[in-house]
Amino acid sequence: MDGFVFKGIPSRVIFGTGTLSAVAEEVDRLGGKAALVLSTSHQTDDAARLVSDLGDCCVGQFSEAAMHTPVAVTEKALEVARTLGADCLVSLGGGSTVGLGKAISIRTGLPHLAVPTTYAGSEMTDILGETRDGEKTTRRDPGIRPATVIYDVALTLGLPTDMTVTSALNAAAHAIEALYASDGNPVISQMAGAGLAALFEGVPRVVADPADAAGRREVLYGAWLCSTVLGQAEMGLHHKLCHVLGGSFDLPHAQTHAILLPHTAGFNAPAARAQIAPATALFGEDLGGGLWDFAKAAGAPLALSDLGFTEKDLPRAAEIATRNKYSNPRAFDAGDIVTLLRPAVNGTRPQAI
Ligand code: NAD
């Protein structure tokens, strides 16, 4: 084994069922006396219940979080936080809400407690993507990472099955790219492998019975591991392509990850055979094909064309994706990107490239 650097996991993590009841105590631990609860408009009622449960240590809620963290929304939330005298942030929701918590926290220094309700995995990372005038920029800073993360399986029981599947595949993508990351290490690989195993076990159970609490627990546990490795390792071609398709073609985050993963993993697999062993042990030696079969069986979307991305968009996507150099186990050019994406556009099983 070569040498490696392990950066450590700075967040405090509470995992279980019914753990939402620990928010007040954890706000207090962060020194908070006046928490502001954040959510999307879709989760307004959940946020209102939390505000009520928190009682005196909460000053109110802001329920306008939106996908890709628009700066205009952050500025509005900052004004609300100032007016209410908030000294702590509690984000309750998926990656969009956690993103808003990060955006306010890095601007104000307010401590941030995240309660994720999807498997997108923003909560364990020091990454913040923000949109201004339609342009998405991403930055890293240790101050962006939430101080405390509370995972409550009960909050995921109502996550619709289609979102469960796409969000879980979004999580799986973090683990697969962490396995072959240039700055990976044995601890991260162990976590990535365990994360994939938990998703592999849990997703079919939840698809068969969305109320299967043990299955939900597996998926959320897997999502925690996948989020952790996302925060620790540099992502490659898969995340870059999803960023391009989300940022320049306005495709939805989780669905895009879910559709692309079999194709990007299949493309990279020949260049990272040893590193991806924990993934091939679950999905088979033909990693792309195995992931595609798994996604199809779970009812995941398979075709980018269903999201409005067509073959005529391929050259532009390939051009944008190859503008900058970034770490990936297999070299590629614009032609490779077009070849790799074509079956993803049409929803066909990936073939060896
Ligand atoms: P999302 O947060 O936009 O959630 C999608 C919808 O589902 C929202 O309306 C939300 O309110 C609703 N929802 C969430 N949990 C629910 C539940 N348990 N039951 C019912 N409805 C629920 O989508 P997402 O996929 O979680 O996050 C995507 C965003 O997160 C993107 O902007 C992406 O860039 C960002 N992200 C950032 C990082 C990072 O490290 N910075 C990592 C992953 C994702």
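1. Let's start with a pair of helices: α5 and α7 are oblique to each other; angles under 35 degrees count as roughly parallel, over 145 as roughly antiparallel, 65 to 115 as roughly perpendicular, and the rest as oblique. The axes of α5 (residues 161-179) and α7 (residues 213-230) come within 8 Å and cross at roughly 40°. Axes here are lines fitted to C-alpha atoms, for helices over the stretch in contact, with angles from 0 to 180 degrees between N-to-C directions. Helices (H or I, at least four residues) and strands (E, at least two) are DSSP runs, numbered from the N terminus.

2. A word on the background: this is a predicted model, where local features need pLDDT of at least 70, side-chain atom pairs count only at pLDDT 80 or more, and totals for chains, interfaces and linings use all residues. Residues are numbered from 1 along each chain as its sequence is written, and side-chain values use heavy atoms, leaving out hydrogens and water.

3. Back to α5 and α7, whose crossing is left-handed: the near helix is turned anticlockwise from the far one by less than a right angle, while clockwise would be right-handed. In α5, T164, A168, A171, A172, H174, A175 and A178 meet R216, V219, A223, C226, V229 and L230 of α7, where contact means heavy atoms within 4.5 Å. These residues divide into ten nonpolar, two polar and one charged. Ala, Val, Leu, Ile, Met, Phe, Trp, Tyr, Cys and Pro count as nonpolar, Asp, Glu, Lys and Arg as charged, and the others, Gly among them, as polar.

4. Now look at α8 (residues 237-249) and α9 (residues 253-268), with axes that come within 9 Å and cross at roughly 145°. Here the crossing is right-handed. Among the residues that meet are L241 and L245 in α8, and L260 and F267 in α9. The contact of α8 with α9 has seven nonpolar, six polar and no charged residues.

5. Next, the second largest pocket has a volume of about 280 Å³. Of its 20 lining residues, G266, D286, Q351, A352 and I353 are the closest to its centre. Two or more lining residues come from each of α9, α11 (287-297) and α13 (334-346). A pocket is an open set of points on a 1 Å grid over the protein atoms alone, where a 1.4 Å probe fits, with protein on both sides within 12 Å along at least five of seven lines; lining residues have an atom within 4 Å of a point. Grid points are joined across faces, edges and corners, and a volume is the space filled by probe spheres set on the points.
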